[in-house]
Amino acid sequence: MPNPNRITERLFQSPSKYIQGPSAIHNAPKYLAAFGTAPLLLSDELVYGIAGKELTTTLEAAKFKVTRGIFGGEASKDEINRLTSLSKSHSVDFIVALGGGKTIDTAKAIADDLGLQVAVLPTTASTDAPCSALSVLYTPNGEFENYRFYSKNPNTVLVDTSVVVKAPYRFLAAGIGDAIATNLEAKSARNSPNFGGGLPTEVSAAIGAKCEEILFKYGKQAVEANKAGAVTPAFEAVVEANTLLSGLGFESGGLAAAHAIHNGLTAIHSEALHKMMHGEKVAFGTVCQLVLDNASSSEIDRYLELMTSVSLPVTLAELGIGQASDEELHRVAKLACAPNETIWNMDRVITPEIVFHAIRGADAVGRDYKARKGLKA
Ligand SMILES: [Zn+2]
């Protein structure tokens, strides 16, 4: 919806503090002391073993009274209500989210329900969820339910890169897939209201451009470092691009076709597709975005080279839906063009028919690139 209310204010929003480094968890007490003394530490069982125990020990040594909340796996209303009750009965005075996107989104909702501050400690660099003032909520069965918006961003985001580097490289690559869309979508949505309801500022445009620059310079190198378990300057730069720059960039810059087509893909019921990570589906959506933007062949090749170098999917077959029928892809296009979708932020004519052709066109471009480079289809 390109500026339906004739909004004239520019708006930029972000967390108050962002901290990133290989000893961030060790130094957490210093950064969390201003929030209170009795946190709820929300993490799933797996992440608790990887980083939660160490964080608890560190906080307890600094005299925090830690209540452990075990995240059940779905960012659903039931789960939020359960953990909100737990927090109340333990007189928790702030929330700490330790984990991936769904843990983080649940923690933001609990904090909002209780009027408390939330500190976000992402354990992967796979999404741009940590910095934003919104959650994606699901039914207990894992179907998309709604976006929930908050008046404040998480107060503090603390990224321990010695933990992030332990995650399989596929997570970092997926984060690159999500982050590579940021600049293209923000450019396309330049004249539409962002997630804060204002127009994008000059700084959000600069953040999107910097995000893309980092990914082209260091994306491949960072993924190789991740495979070797090495926290290098390139790795740090890409973690920052995926988490901070992409997070600020999408929220204050705006989204467009890449994420709308990602959402549209939920119209196809395929086990293989549903196993793909958010950023992997956004990567293919980004190829569609480029096609809709009428980018030149050499420009599209530049993006495809980066994506394929970190094993991101650029064709329907790589998303597990190589056999998708026209009827199925028409459903994807229709859902991508739902009334509230971000595709309407674009400064060009959009119809479900145009989007359907962009999806087929993107798949063709991806297949052609792989054939030319002798890559496995
Ligand atoms: Zn995203």
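Biologist: Happy to look at this predicted model with you. Which residues does Asp160 touch, not counting those up to four places away in sequence?

Modeller: Leaving out residues up to four places away in sequence, the contacts of Asp160 are Gly21, Pro22, Ser23, Ala24, Ile25 and His26. Asp160 itself sits in strand 8, which covers residues 156-160.

Biologist: Good to know! Which side chain of opposite charge is nearest to Asp160, and how far away is it?

Modeller: Asp160 is buried and has no salt bridge. A salt bridge needs the charged atoms within 4 Å. The nearest side chain of opposite charge is 7.4 Å away, and it belongs to Lys166.

Biologist: And which elements give two or more residues to the lining of the largest cavity?

Modeller: The whole structure has one cavity of 30 Å³ or more, and the largest cavity holds about 30 Å³ of space. Its lining is made up of Ile25, Leu98, Leu121, Pro122, Thr123, Leu158, Asp160 and Val163. The elements that give two or more of these residues are strand 5 (118-122) and strand 8.

Biologist: One more, about the backbone: where is Ser91, a residue other than glycine with a positive phi?

Modeller: Phi of Ser91 is near 50 degrees. Ser91 is exposed, with a relative accessible area of 57%. Its place is the loop between helix 3 (77-89) and strand 4 (94-99).

Biologist: Lastly, is Asn294 buried or exposed?

Modeller: Asn294 is in the loop between helix 11 (278-292) and helix 12 (297-309), and its phi is near 60 degrees. Exposed means over 50% relative accessible area. At 64% relative accessibility, Asn294 is therefore exposed.

Terms used:
Residues numbered from 1 in each chain as written. Predicted model: local features only at pLDDT ≥ 70, side-chain atom pairs only at ≥ 80, totals over all residues. Heavy atoms only, no water. Helix = DSSP H or I, 4+ residues; strand = E, 2+ residues; numbered from the N terminus. Buried < 20%, exposed > 50% of the residue type's maximum accessible area, 1.4 Å probe, protein only. Lys, Arg positive; Asp, Glu negative; His and termini not counted. Contact = heavy atoms within 4.5 Å. 1 Å grid on protein atoms, 1.4 Å probe; cavity = no way out; pocket = protein on both sides within 12 Å on 5 of 7 lines; lining within 4 Å. Points joined across faces, edges and corners; volume = space filled by probe spheres on them.
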